[in-house]
Protein chains: 2
Amino acid sequence: MEVDAGRGLGCQKTMDGKASNGFVSDKGIPSCCLKARASAPELEAKCHSTVVSGWFSEPQSVSDKGSKMVYFNNPMWPGEAHSLQVESILFKRQSEYQEVVVFKSSTYGKVLVLDGIVQLTEKDECAYQEMIAHLPLCSIPSPKTVLVVGGGDGGVLREIARHNSVEHIDICEIDKMVIDVSKEFFPELAIGFEDPRVHLHVGDAVEFLRHAPEGKYDAIIVDSSDPVGPAQELVEKPFFNTIAKALRPGGVLCNMAESMWLHTHLIQDMISICHETFKGSVHYAWASVPTYPSGVIGFVLCSTEGPPVDFKNPINPIEKLEGAVKHKRELKFYNSEMHSAAFALPSFLKREVKALGDSPNPAQK
Amino acid sequence: MEVDAGRGLGCQKTMDGKASNGFVSDKGIPSCCLKARASAPELEAKCHSTVVSGWFSEPQSVSDKGSKMVYFNNPMWPGEAHSLQVESILFKRQSEYQEVVVFKSSTYGKVLVLDGIVQLTEKDECAYQEMIAHLPLCSIPSPKTVLVVGGGDGGVLREIARHNSVEHIDICEIDKMVIDVSKEFFPELAIGFEDPRVHLHVGDAVEFLRHAPEGKYDAIIVDSSDPVGPAQELVEKPFFNTIAKALRPGGVLCNMAESMWLHTHLIQDMISICHETFKGSVHYAWASVPTYPSGVIGFVLCSTEGPPVDFKNPINPIEKLEGAVKHKRELKFYNSEMHSAAFALPSFLKREVKALGDSPNPAQK
């Protein structure tokens with residue numbers, strides 16, 4: 001695997017927007033290239049279109065209005081940006097699907113960025129990975145067969161491995177570069193791939209699920225990026241249909257579901273599709289993740305028709321699973337109280353997203 | 001009250017760092033003054049040392065390294081910054097205690113900033129105000145006499161007013177400019193001052209509490225800014241002692257208590273002091289507030305010796321108080337499920353902050 005760090009990647013962009021190191025971007029000339037007084041080593045360590053004066057900001061549409069200042073406005077979260085101080089950029093390349101960047105931040109550890117959007121930081125990845133894995137797996141008795149869609153960093157695999165009952169884990173990740181980068185820079189996450197129960201499939205999850213045996217999985221976890229780029233199909237109805245078919249009766253889906261503060265329309269759409277598709281139950285939960293927009297991330301949890309699933313009161317509490325809490329790495333975020341609490345929703349969300357506020361006490365839903 | 005907006009405040013800084021409009025800052029020349037191509041109206045509407053290219057970032061120590069870029073690193077949350085797109089700055093003045101700024105953001109409504117730190121935005125103030133008020137007031141039966149320390153914007157008063165049992169509300173805010181600015185720009189919060197039960201005291205809360213009759217209050221809510229500047233004394237032991245004395249037996253304190261992701265040491269210190277001072281119980285709760293650092297804010301909840309208080313299971317649920325949910329403005333964030341869920345703590349916090357993780361099931365504490 002090729003790692004750019006230390007190879008003097010610098011500011012080798014040519015006039016057509018292609019960098020001489022093969023890094024291609026349509027985001028304009030990196031602003032640090034315009035910084036007259038930057039020293040050569042500084043340029044080497046920190047040059048990227050998302051890094052200005054040593055800070056990374058989540059971009060998407062980058063504007064450089066001739067003022068040597070670059071500000072960002074992502075259509076998924078207009079009008080706000082979160083910035084992290086950059087110590088050095090460790091990796092940056094364009095994969096077949098997206099731009100992959102890894103940098104060392106000053107206070108959140110290493111950071112994985114895909115197409116300019118923070119996917120994980122070492123400091124707070126625990127919240128996302130532990131919640132997306134254990135919310136579904138602790139809600140059913142003895143999960144045995146699990147599918148992960150996306151999740152190429154391996155963090156969700158690491159969490160699934162805490163469950164001794166699990167015998168077989170399929171993971172379908174479309175972008176091999178994400179897996180390779182994680183193995184190189186995020187060993188605490190990529191450790192998930194080392195479990196012998198893991199079967200890696202590099203490819204399109206839509207295609208993979210189309211060929212999956214009906215009723216094969218106890219749980220499917222969709223750990224995708226935002227629904228732009230390669231993950232777009234993963235929020236559409238046909239995809240949810242194939243998931244429902246691949247689940248056993250009473251099997252469960254946990255799907256990344258954006259921010260309750262920013263994306264109530266997306267959440268509404270997803271909940272509506274899931275209600276049509278999953279005849280067991282459909283719920284929304286959320287967790288605090290500082291480096292995600294608005295500081296939260298949501299999850300849609302669904303079950304297929306069959307043995308009922310009480311998502312809010314885990315039947316399979318992690319504290320009672322032998323060795324689970326300390327397996328490989330002690331749980332940092334998740335516990336059974338956090339599990340139940342994740343389903344408590346702000347009043348505005350229950351009003352804005354129909355089907356989340358039907359019952360005065362969702363615990364009875 | 002003097003409002004600077006529309007008076008061509010622009011970039012009138014003189015060489016000694018004093019602006020000709022009386023605005024004083026030691027934060028260096030506002031970067032927008034250096035922006036060669038900015039138009040005059042743009043300068044007028046957006047000029048402030050925290051605003052670069054139309055974006056506000058939380059500063060404190062501003063660095064201008066000759067590159068015409070300004071980045072910020074607050075000692076309370078080093079290495080990260082949250083930025084909001086600015087439509088126009090509506091107000092900026094130095095009060096006796098702090099710099100007061102109000103701007104209109106593009107997606108979070110109007111924003112109140114004190115000494116460069118976001119205090120509230122119209123979009124997410126509901127979470128903070130509703131939680132800091134109802135966590136204590138719904139935990140005791142029929143609260144009658146309440147004291148608010150700080151809270152000059154009036155939002156906490158608005159929330160307290162939902163409780164019909166309350167007969168008397170004292171508020172002690174040190175900075176009159178905050179109250180005036182709120183009345184001018186945040187009528188949905190300042191409406192709290194209109195309640196006839198409210199008694200406003202402009203002054204030092206430490207002094208106010210020293211003269212408060214012993215056992216006067218059922219509940220005290222400390223809605224202060226971060227423990228730098230005028231709020232420093234509010235996290236020290238003598239202050240908590242005076243609070244405990246001013247509370248009746250079994251009375252409750254709710255104190256703003258920073259971020260569980262960033263400030264475990266501060267939280268540990270505060271919890272330790274409270275354990276020495278409050279002999280009933282001491283708990284930690286938190287809420288999601290997107291525009292606060294790391295996207296969360298915490299609360300320390302304490303009760304004095306006396307009738308026991310079960311903070312996690314509200315004895316005085318807001319849904320059962322006549323007219324409370326829709327009083328003046330419908331509750332946006334708080335409900336009884338959110339109340340209980342706020343006390344569920346991540347495993348890392350229970351490990352890092354002693355006295356929060358003593359019991360395997362904090363619900364039994």
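Author: This is a predicted model. In it, Asp175(B) caps the N-terminal end of helix H4(B), with a side-chain oxygen 3.1 Å from the backbone nitrogen of Met177(B).

Reader: Which residues of H4(B) are buried, and which elements do they pack against?

Author: An α-helix has 3.6 residues a turn, so residues three or four places apart point the same way. In H4(B), which spans residues 176-185, the buried residues are Met177(B), Val178(B), Ile179(B), Val181(B), Ser182(B) and Phe185(B). Their packing partners in chain B are strands S5 (80-94), S6 (99-105), S7 (110-114), S10 (168-173) and S11 (198-202), together with helix H5 (187-190).

Reader: How is chain A divided into domains, and how much area do domain 1 and domain 2 of chain A bury between them?

Author: The size of an interface is often given as the accessible area lost when the parts come together. Chain A comprises domain 1 (86-121) and domain 2 (124-356). The contact takes 19 residues from domain 1 of chain A and 18 from domain 2 of chain A. Between them the two domains bury about 1,700 Å², 70% of it on carbon and sulfur atoms. Tyr97(A), Leu120(A) and Thr121(A) supply 30% of the area that domain 1 of chain A buries against domain 2 of chain A, more than any other three residues.

Reader: How many salt bridges and how many residue pairs in polar contact are counted between domain 1 and domain 2 of chain A?

Author: The count is zero salt bridges, whereas six residue pairs are in polar contact, both residues at pLDDT 80 or more. On the side of domain 1 of chain A that touches domain 2 of chain A, strand S8(A) gives the most, with five residues.

Notes
Residues numbered from 1 in each chain as written. Chains lettered and ligands numbered in written order. Heavy atoms only, no water. Buried < 20%, exposed > 50% of the residue type's maximum accessible area, 1.4 Å probe, protein only. Helix = DSSP H or I, 4+ residues; strand = E, 2+ residues; numbered from the N terminus. Contact = heavy atoms within 4.5 Å. Polar contact = N/O pair within 3.5 Å; in protein donor to acceptor, adjacent residues only side chain to side chain. Domains from an automatic or database assignment. Buried area = accessible area lost by both parts, 1.4 Å probe. Salt bridge = Lys/Arg side-chain N within 4 Å of Asp/Glu carboxyl O.
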